[in-house]
Amino acid sequence: MESEVRTIVDAASARILTPREGECLVCYVFRQLGEFGCDGTPRFALTFRDRTAPRATALMERLGSMGACCCDCEVFNNAYTFASRPWITGAAFGADIGTGFESPEPVDLREEFGINEPPAKVFYLCCQFVRRGSTQPCPNWVRMGRW
Ligand SMILES: [Zn+2]
Ligand SMILES: [Zn+2]
């Protein structure tokens with residue numbers, strides 16, 4: 001019984017841990033941090049690189065030069081922030097391709113994100129996709145000003 005549960009958990013986390021087709025580095029790390037939190041290492045950036053861009057050996061160096069050398073949350077503290085118009089949707093398909101947010105009060109998606117959808121308590125940040133093997137962020141993200 002126990003090992004059966006273990007197998008299910010392993011299968012679920014393997015699915016979550018696998019970058020989605022076309023998903024960019026930054027959306028991937030963002031999604032994983034939401035799911036598992038940071039453990040003080042750049043484990044998700046490394047997983048992304050190993051699974052999608054194993055030849056991008058300079059990736060960690062590049063992140064380091066942006067102030068994100070040592071753990072995944074530094075990517076969002078020092079390197080990248082939301083673009084003014086990230087791809088946000090309140091529609092259900094977002095659950096499959098995006099990272100979910102839950103708000104206690106309905107969020108005015110039109111006002112906050114400029115999208116033509118009714119206010120929602122649950123909405124999703126969806127990756128705008130990059131070509132395979134790329135370690136660049138999609139247009140959801142911009143570099144922080146000071147770097
Ligand atoms: Zn961290
Ligand atoms: Zn993305």
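Reply: Let us begin with a definition: a disulfide is a pair of cysteine sulfur atoms within 2.5 Å. The structure shown is a predicted model. In it, C69 and C70 are joined by a disulfide, with an S to S distance of 2.1 Å.

Me: How many disulfides does a search of the whole structure find?

Reply: The search finds 1 disulfide. Its handedness can also be read from the angle about the S-S bond: at -75°, the link of C69 and C70 is left-handed.

Me: Are the cysteines C69 and C27 buried or exposed, or in between?

Reply: The general idea is a scale of relative accessible area: under 20% is buried, over 50% is exposed, and partly exposed lies in between. C69 has 41% relative accessibility, so it counts as partly exposed. C70, with 40%, is partly exposed too. C27, in contrast, is buried because its relative accessibility is 3%. C127 is likewise buried, with a relative accessible area of 3%.

Me: Which residues coordinate the zinc ion (ligand 1)?

Reply: One reads a metal site by listing its donor atoms. Here the zinc ion (ligand 1) is coordinated by the SG atoms of C38, C71 and C73, at 2.2 Å. Along the sequence, these donor residues follow the spacing C-x32-C-x1-C. As for accessibility, C71 is buried at 11%, whereas C73 is partly exposed at 27%. Water is not among the atoms, so sites may look incomplete.

Me: Which residues make the nonpolar surface patch?

Reply: For such a patch, one looks for residues with over 30% relative accessible area whose nonpolar side chains are joined within 5 Å. W87, F93 and F129 make a nonpolar surface patch of about 280 Å². F93 has a relative accessible area of 40% and is therefore partly exposed.

Me: Where is F93 placed?

Reply: F93 is in the loop between β2 (88-89) and α6 (94-97).

How values were computed
Residues are numbered from 1 along each chain as its sequence is written. Chains are lettered from A and ligands numbered from 1 in the order in which they are written. This is a predicted model: local features need pLDDT of at least 70, side-chain atom pairs count only at pLDDT 80 or more; totals for chains, interfaces and linings use all residues. Side-chain values use heavy atoms; hydrogens and water are left out. Buried means under 20% relative accessible area, exposed over 50%, partly exposed in between (1.4 Å probe, protein chains only). Patches are made of residues with over 30% relative accessible area and no salt bridge: like charges are joined within 9 Å, nonpolar side chains (Val, Leu, Ile, Met, Phe, Trp, Tyr) within 5 Å. Accessible areas come from the Shrake-Rupley method with a 1.4 Å probe; for residues, only the protein chains shown count as cover. A salt bridge is a side-chain nitrogen of Lys or Arg within 4 Å of a carboxyl oxygen of Asp or Glu. Helices (H or I, at least four residues) and strands (E, at least two) are DSSP runs, numbered from the N terminus. Donors are N, O and S atoms within 2.8 Å of the metal (3.2 Å for Na, K and Ca); water is not among the atoms, so sites may look incomplete.
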